[in-house]
Amino acid sequence: RARLVATLFELGGRGLTRSTSIGLRARGLVIGIRPRFSEVASGQSISFDVVGLEQDGNLAAGKRLRWTLIRERRQYHWEQVGRNWEYRVSIHSSEVDNGQLTTSQAPVSLTTEIDWGWYRLEVYDPQSEAASSHRFRAGWWAVSEDTDSPDRVLIGLDANSYLPGSTARIRIE
């Protein structure tokens with residue numbers, strides 16, 4: 001199933017949101033990605049489970065998939081439109097790591113190291129052109145999940161908690 005969500009904003013900035021679900025039928029291989037982490041600090045290894053599914057929902061063994069880990073850097077561009085200031089978000093992508101894996105009758109583990117920032121893992125099958133991706137972030141963050149808001153400062157800490165007298169390393173981006 002696919003869930004579609006649309007928001008219409010009025011001039012005052014309030015939004016009206018509606019959603020609906022649509023049933024989809026796969027036309028071949030479907031790639032599933034499941035992160036094996038919820039939060040991750042920079043400089044750590046991360047792992048994902050990757051599966052290939054056939055049209056009938058059974059695991060597809062023996063499919064040679066390629067994967068690419070991409071770092072995303074967001075840049076905000078301010079422009080004056082009439083009397084109002086508005087912004088656009090540009091995402092600059094750069095490849096950090098890549099590799100290949102072969103699916104089996106169980107999830108295949110994919111492990112890589114990351115640094116502070118926003119990332120996107122893309123897994124694809126060159127033969128069928130099936131693809132899937134997963135976006136995530138690394139670092140201890142102290143901002144909301146709203147990633148496209150230029151009026152917030154990204155703040156990261158090097159640990160979850162500190163003892164009295166400890167030194168905290170703080171990153172402000």
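Accessible areas come from the Shrake-Rupley method with a 1.4 Å probe, and for residues only the protein chains shown count as cover. By this method the protein exposes about 12,000 Å², of which carbon and sulfur atoms supply 46%. The structure is a predicted model, in which local features need a pLDDT of at least 70 and side-chain atom pairs count only at pLDDT 80 or more, whereas totals for chains, interfaces and linings use all residues. Residues are numbered from 1 along each chain as its sequence is written, and side-chain values use heavy atoms, with hydrogens and water left out.

The confidence of the prediction is expressed as pLDDT, the predictor's confidence in each residue on a scale from 0 to 100. The protein averages a pLDDT of 85, and 91% of the residues score at least 70. Confidence is highest in strand 3 (residues 30–35), with a mean of 94, and lowest in strand 10 (residues 140–141), with a mean of 60.

Secondary structure was assigned from DSSP runs numbered from the N terminus, with helices (H or I) needing at least four residues and strands (E) at least two. On this basis the protein has zero helices and 12 strands. The radius of gyration, taken over C-alpha atoms and compared with a globule rule of 2.2 Å times the number of residues to the power 0.38, is 20 Å for the protein; this is well over the 16 Å that the rule gives for 173 residues, so the protein is more spread out than a compact globule. Along its principal axes, the C-alpha trace spans about 55 × 50 × 25 Å.

Burial was judged from relative accessible area, where buried means under 20%, exposed over 50% and partly exposed in between (1.4 Å probe, protein chains only). Of the 173 residues, 28% count as buried. Contact means heavy atoms within 4.5 Å, and among contacts between residues at least 6 apart in sequence, 52% join residues at least 24 apart. For charge, Lys and Arg count as positive and Asp and Glu as negative, while His and the chain ends are not counted; each charge is placed at NZ of Lys, CZ of Arg, CG of Asp or CD of Glu. The protein has 22 positive and 21 negative side chains, and the centres of the two sets lie 4 Å apart.

Beyond its neighbours within four places in sequence, Arg-66 is in contact with Gly-99, Gln-100, Glu-122, Val-123, Tyr-124 and Pro-126. Arg-64, also found in strand 5, is exposed, with a relative accessible area of 54%. With the neighbours within four places again left aside, the contacts of Arg-64 include Gln-100, Asp-125 and Pro-126.

The loop between strand 8 (117–124) and strand 9 (131–138) holds Ala-130 and also Glu-129. Ala-130 is buried, with a relative accessible area of 11%, whereas Glu-129 is exposed, at 70%. Not counting residues up to four places away in sequence, Ala-130 touches Leu-29, Ile-31, Val-123, Tyr-124 and Asp-125. Most residues other than glycine have a negative phi, but phi of Glu-129 is near 65°, a positive value.
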